[in-house]
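Thanks, everyone. Please have the structure open.

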Amino acid sequence: MRIRRSLLDLDDLDADELAYVFGRTAAFEQNAPGRLLEGTACVNVFFEQSTRTFTSFNLAELRLGADVVNLSPKDLSLATKGETLEDTAMTLGAMGVGVLVVRHPEAGFPKRIALYFDGHVINAGDGAHAHPTQALLDLYTLIEEFGQLAERTVAIVGDVAHSRVAHSTIRGLRRMGANVVLVGPEGFLPAEYAIEGVTIERDFDAILPHADAIVLLRIQRERFAEMPLSNEEYVAAYRLDKRRLKNVRADAVVMHPGPYNRGMELDDSVLEFAGWRYLKQVHHGVAIRMAVLDLLVNARR
Ligand code: NCD
């Protein structure tokens, strides 16, 4: 196994590393791991709000016995004292910080840091670009459900264009051989998204009886100026609700990276659907992040 310095997107992991992460996730959920990160300093810097990703990275680091520092962006000298990103990264490296977990509204920001940081950078979400640990926990949840994903149909619904989760999860699903169907209006899903292994469907109702899994997305309003359609039009065409659930297969699962907006992409009946897996996803998020930390810091060829 190669030593990977950073996890900026899913493609940074080869097939062996993916298998390692999933195997370790299962093991860590069975038995609490020891202090595998004893003596490793982890710094978390989130330039955007986060509940799930921030808390689960913190728990993962603490459970592995790491030294954990949470830096608030407004407290960085970068913000007000004219220090460059490059100098900030080198400074943290010189202190012996081993892992930097970064979320930022700008696509490519974690990569810029990784160029100057003498340690491992983990992308916790950069703009609309990528969110690899969310994709890993999505894949893990699906694999737990279905075993092999080849031949399974996974529908990803809504604001695909502005969703970093969708971008990373689509990559992962294609690698697993799943049949990916993207569902949404033109403004949230340009025709260019139709590539090998990925089809576009504008009519949500048409895919409902065929999907093994439905991944709902929040409309990422912070990333665009104008809604391409009204809230009412969106709800009428793309909300998963009581009426549409009747056409979803009884053995299908419904997922969401969170945070979900009740009334927009889903209604409350989805939260009671037997196949609703959101809390499972969140649960797996902690062990997935422990496994990623273990891979980057400890895995040796
Ligand atoms: C997402 C994110 O921040 O990219 N949430 C998450 O990390 N689980 C999705 C979103 O904000 O809608």
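Let me start with the lining of the largest cavity, to which α4 (85-94), β3 (97-104) and α5 (109-114) each supply at least two residues. Helices (H or I, at least four residues) and strands (E, at least two) are DSSP runs, numbered from the N terminus. This is a predicted model: local features need pLDDT of at least 70, side-chain atom pairs count only at pLDDT 80 or more, and totals for chains, interfaces and linings use all residues. Residues are numbered from 1 along each chain as its sequence is written, and side-chain values use heavy atoms, with hydrogens and water left out.

Within that lining, α4 gives the most, with 4 residues. The largest cavity is lined by 13 residues, and those nearest its centre are Val45, Leu76, Thr88, Leu92 and Ile113. By class the lining has 12 nonpolar, 1 polar and no charged residues. Here Ala, Val, Leu, Ile, Met, Phe, Trp, Tyr, Cys and Pro count as nonpolar, Asp, Glu, Lys and Arg as charged, and the others, Gly among them, as polar.

On terms: on a 1 Å grid over the protein atoms alone, a cavity is a set of points where a 1.4 Å probe fits but cannot get out, and a pocket is an open set with protein on both sides within 12 Å along at least five of seven lines; lining residues have an atom within 4 Å of a point. Grid points are joined across faces, edges and corners, and a volume is the space filled by probe spheres set on the points. The largest cavity holds about 80 Å³ of space, and a search of the whole structure finds 1 cavity of 30 Å³ or more.

The largest pocket has a volume of about 390 Å³. It is lined by 21 residues, of which Arg103, Arg164, Arg218, Gly258 and Pro259 are closest to its centre. Its lining has 4 nonpolar, 10 polar and 7 charged residues, and α2 (52-63) and α7 (164-175) each supply at least two residues.

What sits in the largest pocket? The ligand does (more than half of its atoms lie within 2 Å of the grid points). Around the ligand (a heavy atom within 4 Å) are residues including Thr53, His131, Gln134 and Arg218.

A polar side-chain atom of Arg164 is 2.7 Å from a ligand oxygen atom. A polar backbone atom of Pro257 lies 3.0 Å from a ligand nitrogen atom, and a backbone N or O atom of Gly258 lies 2.8 Å from a nitrogen atom of the ligand.

Last, the backbone. Gly258 and Pro259 are joined by a cis peptide bond, with omega about -5 degrees. Pro259 lies in the loop between β9 (253-255) and α11 (268-272).

Terms used. Polar contact = N/O pair within 3.5 Å; in protein donor to acceptor, adjacent residues only side chain to side chain.
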